[in-house]
Amino acid sequence: MRTLIALLMMLIARTAWAEPVVDMNRVMEIESGGNEMAYNRTSQARGLYQITPICLKDFNEVNGTDYRLGHLFDPQINARVAYWYINERLPKLLEAQGGPITVDRVLAAYNAGSPAVMRAGKSQGTFGAIPDIPETLNYVRKIAEGYDVATKQIPIGESAFTASQ
């Protein structure tokens with residue numbers, strides 16, 4: 001099953017964007033362990049990438065779709081929403097808040113929310129800061145192993161997935 005999911009992720013990435021900067025398979029492993037039926041009672045996040053109801057609502061509004069919460073257990077829909085959120089939505093939200101759009105800030109926003117990233121920048125006196133939340137710091141570290149996300153800038157208008165390393 002995981003091989004099928006990995007192939008699906010590669011197909012989605014290659015049809016929609018170039019090679020990803022963020023290893024989406026690693027995000028999936030950390031979020032759900034590859035369990036398409038994963039559910040978090042606290043956040044009500046669902047599926048492979050643990051998409052929350054608010055993220056799904058945002059996706060539906062921006063993309064003119066009408067996915068329901070139960071659809072998030074479909075690996076293809078869950079992956080589509082996750083790719084959109086990391087690739088398009090979070091960079092735009094971070095751009096609107098000011099400061100650099102780096103892979104580590106996108107990952108931190110995916111984990112802790114974009115408002116938490118903005119608050120971290122204000123409280124730490126730097127726009128490049130990520131929240132000083134142990135879970136979020138560990139999350140970014142686990143995904144980022146192997147490349148320097150802290151200094152990887154994503155130019156405005158360029159995809160998090162097409163920015164060269």
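**Entry 1: the overall fold.** I kept in mind that I am looking at a predicted model. I looked up the secondary structure and found 7 helices and 0 strands. Reading along the sequence, I wrote the pattern down as α-α-α-α-α-α-α. Next I checked burial: of the 165 residues in the protein, 45% are buried. I also looked at contacts with a separation of 6 or more, and 57% of them join residues 24 or more positions apart.

**Entry 2: the core.** Which residues touch the most other members of the largest nonpolar core? I found M24, V27, Y49, I51, L107 and Y110, in a core of 34 residues. I then listed the helices that each supply at least two residues: α2 (24-32), α3 (53-63), α4 (75-97), α5 (103-112) and α7 (134-144). The helix that gives the most is α4, with 10 residues.

**Entry 3: a look at V27.** I picked V27 and left out residues up to four places away in sequence. V27 touches V22, Y49, L107, Y110, Y139 and I143.

**Entry 4: α5 and α7.** How do the axes of these two helices cross? They come within 9 Å and cross at roughly 130°. That angle is why I call α5 oblique to α7. I noted the crossing as right-handed. On the α5 side I found D104, L107, A108, Y110, N111 and A112, which meet E135, T136, Y139, V140 and I143 in α7. Sorted by class, this contact has 7 nonpolar, 2 polar and 2 charged residues.

Methods:
Residues numbered from 1 in each chain as written. Predicted model: local features only at pLDDT ≥ 70, side-chain atom pairs only at ≥ 80, totals over all residues. Heavy atoms only, no water. Core = buried A, V, L, I, M, F, W, Y, C linked by side-chain atoms within 4.5 Å. Buried < 20%, exposed > 50% of the residue type's maximum accessible area, 1.4 Å probe, protein only. Helix = DSSP H or I, 4+ residues; strand = E, 2+ residues; numbered from the N terminus. Contact = heavy atoms within 4.5 Å. Axes fitted to C-alpha atoms, helices over the stretch in contact; angles between N-to-C directions. Parallel < 35°, antiparallel > 145°, perpendicular 65-115°, else oblique. Left-handed = near helix turned anticlockwise from the far one by under 90°. Nonpolar A, V, L, I, M, F, W, Y, C, P; charged D, E, K, R; others polar.
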